[in-house]
Number of protein chains: 2
Amino acid sequence: MEVVCVGWLNPPAQIWNRNLIERITSQQNPRIKKAIQLHSSRGRQSQRRIIVFGIREVERAIDAGVAFDEVYFADSVLDELVRNFETKTAGKATRLTRLDDKVFEKVTYGDRSDSIVGVAARPATELENMDPVFTGSPDSALVLVLQKIEKPGNLGAIVRTADACGVSAVICADPLTDVFHPNSIRASTGTVFNIPLATGSSNQVQDWLRKNQFQVYTAFLENARDFYQCDLTGKTAIVLGNEAYGLDEQWNRSGFTAVKLPMKGRADSLNVSVTASVMMYEAVRQRNR
Amino acid sequence: MEVVCVGWLNPPAQIWNRNLIERITSQQNPRIKKAIQLHSSRGRQSQRRIIVFGIREVERAIDAGVAFDEVYFADSVLDELVRNFETKTAGKATRLTRLDDKVFEKVTYGDRSDSIVGVAARPATELENMDPVFTGSPDSALVLVLQKIEKPGNLGAIVRTADACGVSAVICADPLTDVFHPNSIRASTGTVFNIPLATGSSNQVQDWLRKNQFQVYTAFLENARDFYQCDLTGKTAIVLGNEAYGLDEQWNRSGFTAVKLPMKGRADSLNVSVTASVMMYEAVRQRNR
């Protein structure tokens, strides 16, 4: 009898806490159906929602103020982690729900090993709403512009480096991918929520850069100045083009400085993520001197 | 009748040239079977052969002196291209062969859109055979060391940037991937054949670096010096670790300088390919001054 008593005084954590939050066991649940629709760009646009996979990614998004409607947990997730998220989302309209294995498998993306999936309101990315003063560094803002970026993994990798470099904002001109594509969020390790991110047409972006008096450096392979000869300590924008085709000619104009990195060897170009990283870090180097 | 005559005087290029080279139509052909075995690392090791996909990649390998046994062409390939390769391989023991669509599909890799596949002798990568003098730049050699690199795509991307930076050699210590993995060759855009490439254990590589009097900079996140404070103009080795775990502790030793890039933002580390690229380009910058 004593043994049974001890059992009740110290119930296994699993049994105890599993009952704390709601649980969905049906794939036909309308919330589950709506979450699955967010796997596609069309679903994300029409619901004005995004879907975030992974503990680190959801955490960084919450910390950055992204408003989550739902956080779904796999059955394998420890209760301690659920409690952490309860604390993080306390006072917010976020529903925490456990999903049965089969249901979770449907909500997660591809063959990923994530154990948390969140659904959130799509953060605003309108260029006109972005603060051009970048609180604290009005005269030394460093902005990265990516025109017609196509691969979400590249965008995410670039944003991750931009975050490490303390870049003021990343602006996507005429983007060919959803900036909140799951692969972009993943490759950014969630930093896509930490950095001011805006989208607009090339015309809008050029107007914005001129209006806010940025020194604009455009990456071109022809008739371009050695990037290392440029002063990047003022209010600076670095502009890079599409992975395969580079920048559109509309970015080759007076008032902007065409630049390139020195290149030896057989390859005739660099990966856009490499070029972006090297250029941003050169700005960091000049500013730290 | 005149029309027929004109037809004979100017035969369609396709009909004319298709007969110039051999053609394989059976998937059971032993050469085809051996080529397919090269898709796996084990097959490449046991045959001491590599398989190269893509026009640019095969071309760069031939130009770099890689000895091809076979070059296979898809049926869709223009005869002009076949003739180019006949010129390129003239006097060499390279068999050029067209493959029927179904056979080519088997030989090619995954769902790639390549139209040329080559089979070649595996280039030697023994560290002891590598010329440490690096003809022309004995006192300013720049070597990149990658320890336990795991993802062939990362390795290839790094080699591509190393080639653009004019790096003297890339050395893989304790590699966890085949340096000639198809994804490595692909991500390098074939530059993996242009740059001296060696493999060895960490002990061998450290001995080699000491014997050849390199200044060694190891990438660590803790107790590390700002990379931009380092003089990279002499005989320099930059050493980076595994994608997930970084460098092994055996690289944290006296005589070597631990270094890191400055980092702001939320992310606690950078992608290894980004770190490698930024560090190599900083060496280029210092050397071009």
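First, the conventions. Residues are numbered from 1 along each chain as its sequence is written, and chains are lettered from A, and ligands numbered from 1, in the order in which they are written. Because the model is predicted, local features need pLDDT of at least 70 and side-chain atom pairs count only at pLDDT 80 or more, while totals for chains, interfaces and linings use all residues.

I start with the symmetry. Chain B is superposed on chain A by a rotation of 180 degrees with 0.0 Å of shift along its axis, at an RMSD of 0.0 Å. That is the relation of a two-fold axis. Among the residues of chain B, Val278(B) comes closest to the rotation axis, with its C-alpha at 2.4 Å.

Now the contact between the chains. It takes 28 residues from chain B and 28 residues from chain A, where two residues are in contact if their C-beta atoms, placed from the backbone, lie within 7 Å. On the side of chain B that touches chain A, helix 8 (152–164) and helix 11 (272–288) of chain B each supply at least two residues. Helix 11 of chain B gives the most to that side, with seven residues. Helices here are DSSP runs (H or I, at least four residues), as are strands (E, at least two), numbered from the N terminus. By class, that side of chain B has 13 nonpolar, nine polar and six charged residues. Nonpolar covers Ala, Val, Leu, Ile, Met, Phe, Trp, Tyr, Cys and Pro, charged covers Asp, Glu, Lys and Arg, and the others, Gly among them, count as polar. The copies meet through the same surface, because 100% of the interface residues of chain B are also interface residues in chain A.

Helix 11 of chain A and helix 11 of chain B have axes that come within 9 Å and cross at roughly 55 degrees. Axes are lines fitted to C-alpha atoms, for helices over the stretch in contact, and angles run from 0 to 180 degrees between N-to-C directions. That makes helix 11 of chain A oblique to helix 11 of chain B; angles under 35 degrees count as roughly parallel, over 145 as roughly antiparallel, 65 to 115 as roughly perpendicular and the rest as oblique. The contact is made by Val274(A), Ser277(A), Val278(A) and Tyr281(A) of helix 11 of chain A, and by Val274(B), Ser277(B), Val278(B) and Tyr281(B) of helix 11 of chain B. Its residues are six nonpolar, two polar and no charged.

Within chain A, how do helix 8 and helix 11 pack? Their axes come within 9 Å and cross at roughly 10 degrees. Helix 8 of chain A and helix 11 of chain A are therefore roughly parallel to each other. Asn154(A), Ala157(A), Ile158(A), Thr161(A) and Ala162(A) of helix 8 meet Val272(A), Ser273(A), Ala276(A), Ser277(A) and Met280(A) of helix 11. This contact has six nonpolar, four polar and no charged residues. In chain B, helix 8 and helix 11 pack at an angle of about 10 degrees, with their axes 9 Å apart.

Last, the domains of chain A. The assignment gives domain 1 (2–121) and domain 2 (127–288), with bounds from an automatic or database domain assignment. Their C-alpha centres lie 35 Å apart. The contact between them takes 14 residues from domain 1 of chain A and eleven residues from domain 2 of chain A. On the domain 1 side, helix 4 (41–47), strand 2 (49–53) and helix 5 (55–63) of chain A each supply at least two residues. The residues of that side divide into eight nonpolar, two polar and four charged.

Note on methods
Copies are superposed by least squares on the C-alpha atoms of residues with pLDDT of at least 70 in both.
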